[in-house]
Amino acid sequence: MGDSFHDQLLEDSRFLRADRRLDTELVDKLILQLNRIYPQILTDKEATKFRDLDVPTCVRLAELLAHLQGKGEEACREFYRALHLHVEDVYFSLPTRLRLRDSIDPFTTAASPTQQRYVLNDRGQMFFLSCFSVAVGVALLHYYDKAKVTRGSRALGMAALGLGRRAREVLIWYTEDPIRK
C-alpha cells in the first residue's frame, strides 16, 4: 500500500503490455494527454516517436512505460492519472489496484462503493403515487376551505372526475354540502 507510483508501474507494466483493451487509439490518447498537459514529462519529439503507427502498439506501449519509469515518480503518477481518465476499466483491473482494493479492511467498509446502492423508497411507484395523491387532496381541501365555496366548488367537482369512486364521493359530498354554503 505504501508503494510509490514508480514501483507500481514496474509491477503493472507486464499487465499493461498484455492487455488487449489498450489499442492504438487509447495509447494515442494517453500519449497526447501526457504531452499536452505535462510537456515536461513527454515532449513533442518524444510524443511523435511514441505515436509512430509503423511501430506495433505493444512495442510503443512498452517503450512508453520504460520511458516514464526513467522520468521518475511524477511521470508515473501522471500516467496513472491519464489511464484513470481515459480507460477506467483497465485502471481498476490493474494488479496494484486490485491489491489495494482487497487490502481494505472488510470490517470498516461494509460494501465497496461500486456495489453500494441507496434505496430511498422500497415500496414502489404506486405507494409514491398514492401518497402524492393524498397530499394533493389535502392541499386542495385546505386551500378551498379558506376560499369562498361559490366558484371553488365547481373546480373540486371537476377534480373529482379523475379520481377513484370513494375519493370522488368525498369530493362531491364536500362540494354539495349545504352547511358550507
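This is a short walk through a predicted model, one selection at a time.

Before you start, note that residues are numbered from 1 along each chain as its sequence is written. Local features need pLDDT of at least 70 and side-chain atom pairs count only at pLDDT 80 or more, while totals for chains, interfaces and linings use all residues; side-chain values use heavy atoms, with hydrogens and water left out.

**Stop 1: α1 and α4**

Select residues 5-18 for helix α1 and residues 57-71 for helix α4. Helices here are DSSP runs of H or I with at least four residues, strands are runs of E with at least two, and both are numbered from the N terminus. The two helices pack at an angle of about 175°, and their axes are 10 Å apart. Axes are lines fitted to C-alpha atoms, for helices over the stretch in contact, and angles run from 0 to 180 degrees between N-to-C directions. α1 and α4 are therefore roughly antiparallel, a label for angles over 145 degrees.

Now show side chains. On the α1 side, pick His6, Leu9, Leu10, Ser13, Leu16 and Arg17; they meet Leu61, Ala62, Leu65, Leu68 and Gln69 of α4. Contact means heavy atoms within 4.5 Å. By class, this contact has seven nonpolar, three polar and one charged residue. Ala, Val, Leu, Ile, Met, Phe, Trp, Tyr, Cys and Pro count as nonpolar, Asp, Glu, Lys and Arg as charged, and the others, Gly among them, as polar.

**Stop 2: along α4**

Stay on α4 and colour its buried residues: Thr57, Arg60, Leu61, Leu64, Leu65, Leu68 and Gln69. Buried means under 20% relative accessible area, exposed over 50%, and partly exposed in between (1.4 Å probe, protein chains only). These buried residues pack against α1, α2 (24-37), α3 (44-50) and α5 (73-86). Just past the end of α4, click on glycine 72, which has a positive phi of about 115°.

**Stop 3: α1 and α7**

Phe5, Gln8, Glu11, Asp12 and Phe15 of α1 touch Pro95, Thr96, Arg97 and Arg99 of α7. This contact divides into three nonpolar, two polar and four charged residues.

**Stop 4: arginine 36**

Next, find arginine 36 in helix α2. Is arginine 36 buried or exposed? Arginine 36 is exposed, at 62% relative accessible area. Its C-alpha lies 9.5 Å from that of alanine 47, eleven residues apart along the chain.

**Last stop: residues 126-144**

Finish with residues 126-144, which an unreviewed UniProt entry annotates as "transmembrane region". The span is 100% helix and 0% strand, with its end C-alpha atoms 27 Å apart.

Definitions and conventions: Angles under 35 degrees count as roughly parallel, over 145 as roughly antiparallel, 65 to 115 as roughly perpendicular and the rest as oblique. UniProt positions are given in the numbering used here, feature names are shortened, and annotations may be inferred rather than shown by experiment.
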